[in-house]
Amino acid sequence: MQIVATMFWRRLDLPGHDACRLEKHGDGWQLDGAAVFRSENGQPARLDYRVHCDKAWHAKWGRVRGWVGSLAVDYAIARASNGAWTLNDQPAQGLAHCTDLDLGFTPATNLLALRRLNLSVGESAESPAAWLDLDDEGLSALVQTYERRTESDYWYQAARFDYEALLVVTPDGFVTDYPKLWQSEG
C-alpha cells in the first residue's frame, strides 16, 4: 500500500468535516476516509468509508460503517464483473450501467469518476454512478456530467438534485471547492 494523496474538507451546508486519503493497492486504488457531520434532520453522524477500484478506476466494492444518531450504519457494496451491484449481499436492481460508486455524504468519491474519465480540457462525459442514499438506505442511479474547462476546473451537473457548479480539483483528483457543499482546509 502506498499513500498517494490526502484531503481534509469542511462541510458548508451543515456542520461537518471529512478526511480522506487515496492509496495505491497493488494494481488497484482505494479511498479510505471518515466523515463527521450533523445530518439534515439534525442527528450527529460518524461514518468511516472505504472504496476500492481496479487499475482503470472501475469501482469494485465499498464499505460504510458508523452511525447516524442512534442508528448503526453498516453497508457492504459490491460490483460484479458483469456490472451487477449488491448492497449487503442483496441485488440492487437497475444499476448495471453504473461504473462508479458515489457515497452521497462525502466529496471524496468524485475523484473516482474524474480519474476514470481522464478528460482533456474541453471534453465532457456522463458518469453514471451507484449512489448510496443514507435516508433511503439503498443504492440508486445518479447520472453526473463532468466537463473539463481547465487543468483544475470541471463543470459538474447532477440533474437529479438540480445541482450544477464549477468544481476545483487537485492534480490528484480531489475536489477542493464544491460550491455550497464542501471546501478543502489544506
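Strands here are DSSP runs of type E at least two residues long, numbered from the N terminus. With that in hand, here's a quick tour of this predicted model.

**The largest pocket**
- Its volume comes out at about 910 Å³.
- Its lining takes in 38 residues, and Arg11, Glu40, Gly104, Phe105 and Trp131 are the closest to the pocket's centre.
- S6 gives the most, with 4 residues.
- Sorted by class, the lining has 21 nonpolar, 9 polar and 8 charged residues.

**The second largest pocket**
- This one has a volume of about 170 Å³.
- Among the residues lining the second largest pocket are Leu114, Arg115, Asn118, Tyr154 and Pro171.
- Its lining splits into 5 nonpolar, 3 polar and 3 charged residues.

**Two residues with positive phi**
- Tryptophan 57 isn't a glycine, yet its phi is positive, near 70 degrees.
- You'll find tryptophan 57 in the loop between strand S4 (44-53) and strand S5 (59-68).
- Tryptophan 57 counts as buried because its relative accessible area is 7%, and the cut-off for buried is under 20%.
- Asparagine 118, also in the lining of the second largest pocket, has a positive phi near 45 degrees.
- Asparagine 118 sits in the loop between helix H1 (110-117) and S10.
- With a relative accessible area of 58%, asparagine 118 is exposed, since exposed means over 50%.

Notes: Residues are numbered from 1 along each chain as its sequence is written. This is a predicted model: local features need pLDDT of at least 70, side-chain atom pairs count only at pLDDT 80 or more; totals for chains, interfaces and linings use all residues. Side-chain values use heavy atoms; hydrogens and water are left out. On a 1 Å grid over the protein atoms alone, a cavity is a set of points where a 1.4 Å probe fits but cannot get out, and a pocket is an open set with protein on both sides within 12 Å along at least five of seven lines; lining residues have an atom within 4 Å of a point. Grid points are joined across faces, edges and corners, and a volume is the space filled by probe spheres set on the points. Ala, Val, Leu, Ile, Met, Phe, Trp, Tyr, Cys and Pro count as nonpolar, Asp, Glu, Lys and Arg as charged, and the others, Gly among them, as polar. Buried means under 20% relative accessible area, exposed over 50%, partly exposed in between (1.4 Å probe, protein chains only).
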